Amino acid sequence: MSEHYLLRHRSVPHIDRLDVYRSQGGFEAFHKAVTSLKPGEVIEEIKKSGLRGRGGAGFPTGTKWGFLPNTLWPHYVVANADESEPGTFKDHEILESNPFQFLEGLMIAAYAVQAQRAYIYLRGEFWQLAQALDQRIAQLEADGLLGEDIFGTDYSLRLFTHLGAGAYICGEETALLESLEGKLGQPRLRPPFPATAGLYNSPTVINNVETLTNVPLIIGRGADWFRSFGTDKSPGLKIFSLSGCVNRPGNYELPLGCTFRELIYDHGGGIVQDHAIKAIMAAGASSVLIAATPEALETPMDYETTLEKFGAPLGSASIIVLDETVNMAWLAFKTIGFFKHESCGKCTPCREGTFWMNQIATRIMRGKATRADIHLLENVAQQIQGKCLCALGEFSIMAVLSSLKLFAKDFEQLIKVEHDG
Amino acid sequence: MTDKLVHLTIDNIPVSVPPDTLVVDAAKQAGINIPVFCYHPKLHPVGMCRMCLVEIGRPLLDRASGEFVRDADGAPKLQFSPKLETACTTPVTEGMVVITNSQKVADARREVLEFILTSHPLDCPICDKGGECPLQNLTMEHGPGQSRFLFDEKMHLDKHVPLGELIYLDRERCIQCGRCVRFQNEVADDPVIAFSQRGRALEIITQSTPGFDSIFSGNTTDICPVGALTTADFRFAARPWELKAAASICQHCAVGCNIVFNVRREALQGGRMVIKRVMPRQNEQVNEIWICDKGRFAYHYVESPQRLTQPMIRKDGALIEAEWDEALDLVAKKLTAYGASLVTLAGGRLSNEDLFNLYSLTHTQGGQAVLYSYMAGGDLTAQVGIPPQTDLGKLGAGCVILVIACDLHEEAPLWWLRIKAAAQRGASLIVLNPRTTRLDRYARHVIRYEYGAELAALSAFQPQSRGDLPEPVRSAVKTFQEAENVIILYGSEGLGLQESKALAHACAGLLIKTYHIGRSNNGLVAAWHNANLQGAWDMGFSPINNLAETLSKAGVTYVVATDPAGDDPQLAEALQHSGFLVVQDILMTETVKMADVFLPAQAYMERGGSYTSGERRLQRFYPAVPPPGNTLPDFAITARISQRLGRTAEEQSPARILLQIAATNPAYAEMDYQLLAQVHEQQPLMGRHDLYYGGTTYENRQGLGAHLSTAASRVEPLNIPDAPPPPVFPVQEGLLTVVPTTRLYDRGSLLIHSNLLHQRLAHPTLTMHPKTAEAYQLSRGQTAVMLLEKTPYRVEIDLDEDLPHGIALLPRSVGIPLNAPQAVKLRPES
Ligand SMILES: Cc1cc2nc3c(=O)[nH]c(=O)nc-3n(C[C@H](O)[C@H](O)[C@H](O)COP(=O)(O)O)c2cc1C
Ligand code: SF4
Ligand code: SF4
Ligand code: SF4
Ligand code: FES
C-alpha cells in the first residue's frame, strides 16, 4: 500500500504513542508555527494550500480562520468530532489511531486564531475515544506542548473534550455550540456566524477532525506539497468512507479527484457477488442519489464535479454503494426514518415534514400505499425544500426526491394493487 | 432619533423605517400583515416556525464603487435569493424589495400551515383559544382547505399537563413556537420552562419546583399562538366570543396595570354576570402588554360568600340587617353629636372619588382623615414626583434609576420588568438594599447597608459628600453625579412609617439639591403597597404614627375599606375603646364584626372611578359586573352621610367628583373623564386583527389615562416639611430585631380569597442568617413563638446565608402585625 498521510498509522505503527509520533517529526509543525510564524502567516499558508473543510461543506479553511475579528476576544477553536452522518467513519479512525496528528492540527489552528481554549466535541458514543484523548492531552501538558507559555513564548493553550448525547444535529456547527454550552442542541439563527459570535458569543472556528488532521502536513511540508495531490480547486488527500454493497468497505485515503470507479472497484474490490451497481450515495444519508452509469463511475470525486454533473454534493465523502438488489423506495424509507429520528424539531417544515414523509413511506413499504401516496410523498418533500432553518431539513429530502426521479419504478413496485373497477 | 431612515419597498409600497427594523415590522408599519407564529414584537426573533417566508430582492452593489448597479432605465438591478427568507429575522436594508403577495409566498404560507396542522388535534370546538386563536385565523386566511394528512395517523399526546398549578399545557396543541420559553427567558428572567426532546417529540417542560415558578407565568397564555397554554382559572370556563370586556385598572399594587375584566352571564350562578378572567390591556407607558399573576388571578374575592350586601346596625349586641335610611340616619345622628372627634380611617384601594368625598366629610366635620398605610411621602411625590412625559419604557443611557429599600420584584412586579428592561437598554441602575433582591443582577452598582441605615447609605449621594468614599459607593456616586436624569424609587423593605417618612424626605431632598425635579424622567416614585395610596395622599389623607391611640380616643370612627382589627389586636383593642364605630366594606372582616353600623360598599369592578398610580398617572376604571344586593359605591355612601349633615355632596357621578377634585387640586386641574378615556395608536398593534402578532392582550380603546403634573413641574414653590427626626433602629439585649418585608403573594384580605394562589402564599416565617439562628438556638424548620406587644405568634424559622447578621425578616400581611422594625422576644415552641 502506498504512503498514508492522514491515516498515518497505516504507514507508521504505534503512531498513536506520543514518543513514536514525536520521533516521526510530530509537533514540529506546531513548534514551527508557535516559535517562528506569526498567526497571520499560518492562516496565509493554509489559504495557499487551498484546504477545504472535510466536514461536508468544503468551505476553504484558511478563509474561515481569517474571518475572526481581532477586535473581539477571546477566540475559540472547536473540533467537530460528532461524526454522525450514516456511512461516515473516517474521523473515528483518525481519533483512534492517529490522534496526535489531529491534536497537533487543532493546536496549530488555535495558535493561528490566537485561541487559548479549544474544545473537542465528540458524539456521545465516542466516550472511549474521549477518555483516550483526555489522557493524551494530559501527556501533552506534561510534555509542555500544552499549558502556559508554550515553547517559552507567551502563547498558552488548553484543550478540553466534551461529549454529546447522541444527536446527529449536534454535528451542525451552531447546534454543536449550543450543546457545548450545555443547552438543547438546536441550530442557531445565522447571521451572526460563529466566526463573529460563536461559543459563548465569542468568535469561534469550527473544523472537522479530518480538516484539522491536514493542518500539520501543510505547515510542516508546505502548501505546495499539499497541492501536489488532488485537483486545482479541490487539492489534497481525502479519506473516503466506503460502505454498502462492496467487497471491501472501509476508509480509503486517496487524492481528491479520483473517480468512483477507482474507489469502488480498484480499492473497494467491486460489488458483492458481482451484482450490477445501481446507485451511489456520495454524502451518506444526506446524498442526492447518483445513478451508477458507466459515465457516472468515471466522474472524479471532488467538491465541484459531482455537484455540477448530478446536483450531488460530495459532502463528507461517505460513499455508499447500492446494487441492483436494493429497492430505492426502501432506501428512501430508511433515510426518511433517519431524518425523522434526528430532526431537532426547531423548525416546522423539517419537524412536521419528516414525520409526515415517514408515515407515507411506511405506508409504501407496507404495501398499503396508492399511487396518490407517491405523489404526496414527492409533494411533501418539495414542500420541505428551501424552507428549513438548517441544512438537516434540506438533507432529509435529497434521497427522497432523487430516488423518486431516478427510480420511480422501485416505488411503483410497492404500491397496493389497485382494482380498477 | 437622528438615525437615518432606511428606504425599501414592500409590495411596491415605499416604506422608510429606522435601521435594524425587521422586515416583518416594516411591513406592519406599511399596513401589510406578514403572518407569524414564533415572532413576537416584544421578543427576540428566532425564525423557527417559517410562517413569515417572503421574497426578498436586494440591489446589486458594484464591488469597486459601492454604488448600486443600475439597468438601462437607471433602476437598481435586483438580486433575489433563490430561497424565500424569513421576514421576522431579516433586517431591512437600503433599496430592498420585499414581495409578500406573490403566488410563491402564498404557496409557502399554505405549505407551512399544512405542516403545522398535520400534528394539530384540530379540537377548536373545545379549545379555550378558539375564537381568538392565531392558528385558526391564519389558517382561514392562508391555509389549505383540506387535510392530506391521515387523521388516524396523528400523534396523540397528553392534553392536560400542569406545568404548575396555574398554567396547563396541551401537548397536542403546542406548535413549538417557543414564544413562552423566550418570554420567560427574555422578559421575565425566570427561565423555568424549556424545550425538551427533539423532532416531533419536542415539548415544553417546566424545570422548577414548584412547577412554572414565575409571577409572570400567565402572560405566556396570552402570547401562545394556540390553545396549548391555558390558565387553571379560565380553561374550559367560557368561550371567548361569549365574553364582554370591561376596562379596568389592577388593584393590587402601585403600578396600575391596565386590565380587562372578561365577564359573561353565568347560568350556573342564576344568570348573574360574573368575571371569567382578567386580561392585560395594552398601555405602553404603564404595563405594555403584560400583567403579573397576582393581577390576573386575585380577583376572586369579589365572588366570596363573605360578601356583605345589606346595611347592618348593632342592636342588643348583635349586628342586625337594616335599611339604608335607618343606618345612615344613625350615622348622621352620631356625627352631629360627636362633631370634631371623627376619625376617618381609609384604605388605599379606595378610588379618588371615594376618598375625595370621605375627605370632604371628615374635613368639614373637623375630623381627622387618616390613611391606613405604613408608607409615607405622598406629599413629596406630589411635589417632586416624576412629571408628564416620563416613560419607564423609554429610559436608557444617560438616566440613573436609584432604587432604595425596595424588593421591587415583590412590591411592584411590572416596574421590576420595566426597570430591568431600562437597565438592559443602558440606563444606569443603582440598587441600595440591605439584602440581595432580583433587581441586583441588572444593577450597575449594588450598595448594601445594614437594616436601619438607609439614610446613611443615601447620604453618600449628597452633592457635598466627601471624596473618600469606599467602593462600590464611590463609583455609584460618580454615576449618579454624571447622570442627566435621575429617578429615585423607594419601597418599604425593612421600613416602618417613621422610617419611610424619613427616607422619602431624604430622597426628595437629594433630588431637589441635585436639580432632578420638575423635568420629565426625573423625580421621586414610591412603590406603594396599595393601588391608590398616591391618590389618597392627593385627596388629603395621610398615615399617622399613633394610630391606636387616636382610634381609642375617637368619638366616631369611620373605617372604610380596611380591616385594622383583623390585622392587629392592638388596633382591635383601640377600636373597642373608640366611640361609635362605622364600618364600610365589601366583605365580612374582624372590624366589621365590631361595628356599630355597617355600610355595604361595592367592589371596584362593580362601579366606576379613578386611581392614581405610583407614577402619578391618573387612570379610569369602568364597571364590569352589576353590584350585588343593596350595596352602594363608597363615594355615594359618604355623600349620603354628608347630605344628611346638610352639605351638598355628589352621590351619582364619579365623573362630577373628578371635576370637583380638578377644581381643588392643581395637579388634577386639567383632568376629566373624557381626557382619561383618550387613546392613541400604540406599537405594537394589539387587538382582533393583530392577535397573531401581539397575542390576546386587549387593545386599549377605553383610555390611556393621564400623567399628573407635580408642583415642581408646574414651577410652584415647594412646600417641603422639616426633616423628621431620624428614627432609631430598635436593638435590645436579648431580643431579636425583626424587620418587615413585602411579599407579592402575602395573605392580604383580597388575595386570601383566590384559592388558585394558595400554594404560593407567604407564610409567617422568620428568615435569618444561620449564625443569627445559632445565637438564638434556633434551627431551620423549627417553630418558635414571637411576642409582639404581649401577643404570642407562631413563626417558622428559615435560614438564608445571604442575609445580614443579627436580624430576621418577616413578611407583612401574613397574620402578624409587624409593619416596622421591632425588637422582639423569641422562644422555641414548647
Ligand atoms: C445536520 C448536519 C450535521 C453535520 N454533522 C457534522 C459532523 O458530524 N461532523 C462534521 O465535521 N461536520 C458536520 N457538519 C458540518 C458542520 O456544520 C460544519 O460545517 C463543519 O464542522 C465545519 O468544519 P469544516 O469546515 O472543517 O468542514 C454537519 C452539518 C449539518 C447541517
Ligand atoms: S431543519 Fe430540522 S434539524 Fe434543522 S433546525 Fe429545522 S427542525 Fe431542526
Ligand atoms: S406552548 Fe404555546 S407558546 Fe409555548 S411553544 Fe407551544 S405553542 Fe408556542
Ligand atoms: S404589577 Fe401590580 S398593578 Fe400590575 S398586575 Fe401586578 S399587582 Fe397588578
Ligand atoms: S419564522 Fe418568522 S415568524 Fe416564525
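Biologist: How do you know that B:C507 is in contact with residues beyond its neighbours within four places in sequence, and which are they?

Modeller: In this predicted model, contact requires C-beta atoms within 7 Å; leaving aside the neighbours within four places in sequence, B:I404, B:L458, B:I488, B:Y490 and B:L524 are in contact with B:C507.

Biologist: What makes B:C507 stand out in the largest nonpolar core?

Modeller: That core has 382 residues, and B:C507, together with B:I401, touches the most other members. Helix α6 of chain A, residues 99–112, gives the most to this core, namely 10 residues. A second, separate core, of 21 residues, includes B:L766, B:M786, B:A808 and B:I816.

Biologist: Why is ligand 1 said to lie between domain 1 and domain 3 of chain A?

Modeller: Both domain 1 (8–227) and domain 3 (328–412) of chain A give residues to the shell around ligand 1, and therefore the ligand lies between them. The shell has 23 residues, with A:G53, A:G55, A:G171, A:N208 and A:T211 the closest, and β4(A) gives the most, with 3 residues.

Biologist: What is the division by class around ligand 2, and which residues come nearest?

Modeller: The shell around ligand 2 divides into 9 nonpolar, 4 polar and 2 charged residues.

Key: Residues numbered from 1 in each chain as written. Chains lettered and ligands numbered in written order. Predicted model: local features only at pLDDT ≥ 70, side-chain atom pairs only at ≥ 80, totals over all residues. Nonpolar A, V, L, I, M, F, W, Y, C, P; charged D, E, K, R; others polar. Near = placed C-beta within 6 Å. Helix = DSSP H or I, 4+ residues; strand = E, 2+ residues; numbered from the N terminus. Domains from an automatic or database assignment. Core = buried A, V, L, I, M, F, W, Y, C linked by C-beta atoms within 7 Å. Buried ≥ 20, exposed ≤ 12 C-beta atoms within 10 Å, placed from the backbone. Contact = placed C-beta atoms within 7 Å.
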